[in-house]
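Please consult the sequence and the coordinates alongside the text.

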Amino acid sequence: MSDTTHLLIPYAASASPGCQQALQELALPHLDRLLARLRPYPGHSESGEETSFSAPHERALARALSLPFDDGRIPWAAWHRQQQGLSTNGDAWAFVTPCQWQVSTDHVTLRNPEHLSLDEAASRALLAIVSPWFAEDGITLHYDQPTRWLASGPLFAQLATASLERVLQRDVRAWMPDVKQARTLHRLHSEMQMLLYTHAFNDERSARGLPVINSFWVHGTGPLPAPAPSATTAPTVPATLRDAALNEDWRTWAAAWTALDAGPVADLLRKAEGGAPVLLTLCGERNALAFHSAPRTLAQRFQSIFRPQRFTDMREKL
């Protein structure tokens, strides 16, 4: 598979009525031509539910990178640290994202951290405030980027957590880690909300008209397997459908799909037509469907002429 060009497309479809309506009017000629040439690749497909902690594209990407892909326990933080050339020391790592929980009578919604105007200086200041509280529970925090820190500690060794994309703009209560496995984490959530509610850090942000930070989200947990996965060619993973799908902006999503079809999908089609091995993975909110350019029997070729695969025929399977 190392010489195979792999295109992995997250948020290719959604069960949302708005998405299904947009798909009825969406023309993707290069994708349909490509699918007509390819065969299903069940061994690289992923099945799940909309309630799975790890999104289908995350599981498919983890598989391609030879990472563990158990639901909620893909060690993205440890892998990220390895990609930076830093040792993981065999420890379990996690991402910790500072965020805002908006509390209403029947929802606790996680606001998109990218909308919090949190720069490096503010993020580092907040990190210094909360680090001692985490340290008391054996968790060491490290700065990584404004809206994401790294954390290491035994707590993350077997803990299943929902990816940030799963919980964005949704009720966090449905996505919290199991309370029996994560009593420490649940307590830290309560402590951070009490600490930050009246803290000068947030008073200053409010005075400047900036959103307050009152919680955090843990994701990407676990240790790297031993031995750690060797370097491999990562798939191309376009992110252009992501934001529009998460915001349910299906007009923008359809426009992004049209551009994707004319760009990366058309490029993959040309490679397939030229005889190069290709792999295409289409991911929705539940499943990921993989297709590759393996040789087909005469019967399969005959069938594809009369019943070619089309994206509109498989959209509900994603």
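## Asp-171

Does Asp-171 count as buried or exposed? The model is a predicted one, and in it the relative accessibility of Asp-171 is 17%. Buried means under 20%, so Asp-171 counts as buried.

Asp-171 is located in the loop that runs between H6 and helix H7 (183–197). Its side chain makes a polar contact of 2.7 Å with the side chain of Arg-173. When neighbours within four places in sequence are set aside, the contacts of Asp-171 are Asp-106, His-107 and Val-108.

## The largest pocket

The volume of the largest pocket is about 790 Å³. Its lining comprises 33 residues, of which Glu-58, Phe-95, Arg-148, Glu-165 and His-219 are the closest to the centre. Two or more lining residues come from each of helix H3 (56–64), helix H4 (76–83), strand E3 (93–99), helix H6 (164–167) and strand E8 (215–222).

By residue class, the lining of this pocket consists of 15 nonpolar, 12 polar and 6 charged residues.

## The cavities

There are 2 cavities of 30 Å³ or more in the structure. Val-96, Pro-98, Leu-126, Val-130, Phe-134, Trp-149, Met-192, Leu-196, Ser-215 and Phe-216 form its lining. The lining of the largest cavity has 9 nonpolar residues, 1 polar residue and no charged residue.

The second largest cavity holds about 40 Å³ of space. Around it are Thr-161, Pro-177, Leu-185, His-189, Trp-217 and Val-218; H7 and E8 each contribute at least two residues to this lining. Here the division is 4 nonpolar and 2 polar, with no charged residue.

## The two sides of helix H1

Which residues of helix H1 (residues 17–24) are buried? They are Cys-19, Gln-20, Ala-22 and Leu-23. Viewed down the axis of H1, these buried residues fall within an arc of 160°, and they therefore line one face of the helix.

The face of H1 that is turned away from the buried side bears the exposed residues Pro-17, Gln-21 and Gln-24.

Note on methods: Residues are numbered from 1 along each chain as its sequence is written. This is a predicted model: local features need pLDDT of at least 70, side-chain atom pairs count only at pLDDT 80 or more; totals for chains, interfaces and linings use all residues. Side-chain values use heavy atoms; hydrogens and water are left out. On a 1 Å grid over the protein atoms alone, a cavity is a set of points where a 1.4 Å probe fits but cannot get out, and a pocket is an open set with protein on both sides within 12 Å along at least five of seven lines; lining residues have an atom within 4 Å of a point. Grid points are joined across faces, edges and corners, and a volume is the space filled by probe spheres set on the points. Helices (H or I, at least four residues) and strands (E, at least two) are DSSP runs, numbered from the N terminus. Ala, Val, Leu, Ile, Met, Phe, Trp, Tyr, Cys and Pro count as nonpolar, Asp, Glu, Lys and Arg as charged, and the others, Gly among them, as polar. Buried means under 20% relative accessible area, exposed over 50%, partly exposed in between (1.4 Å probe, protein chains only). The arc is that of the directions from the helix axis to the C-beta atoms. A polar contact is a pair of N or O atoms within 3.5 Å; within protein, one must be able to donate a hydrogen and the other to accept it, and residues adjacent in sequence count only if both atoms are side-chain atoms. Contact means heavy atoms within 4.5 Å.
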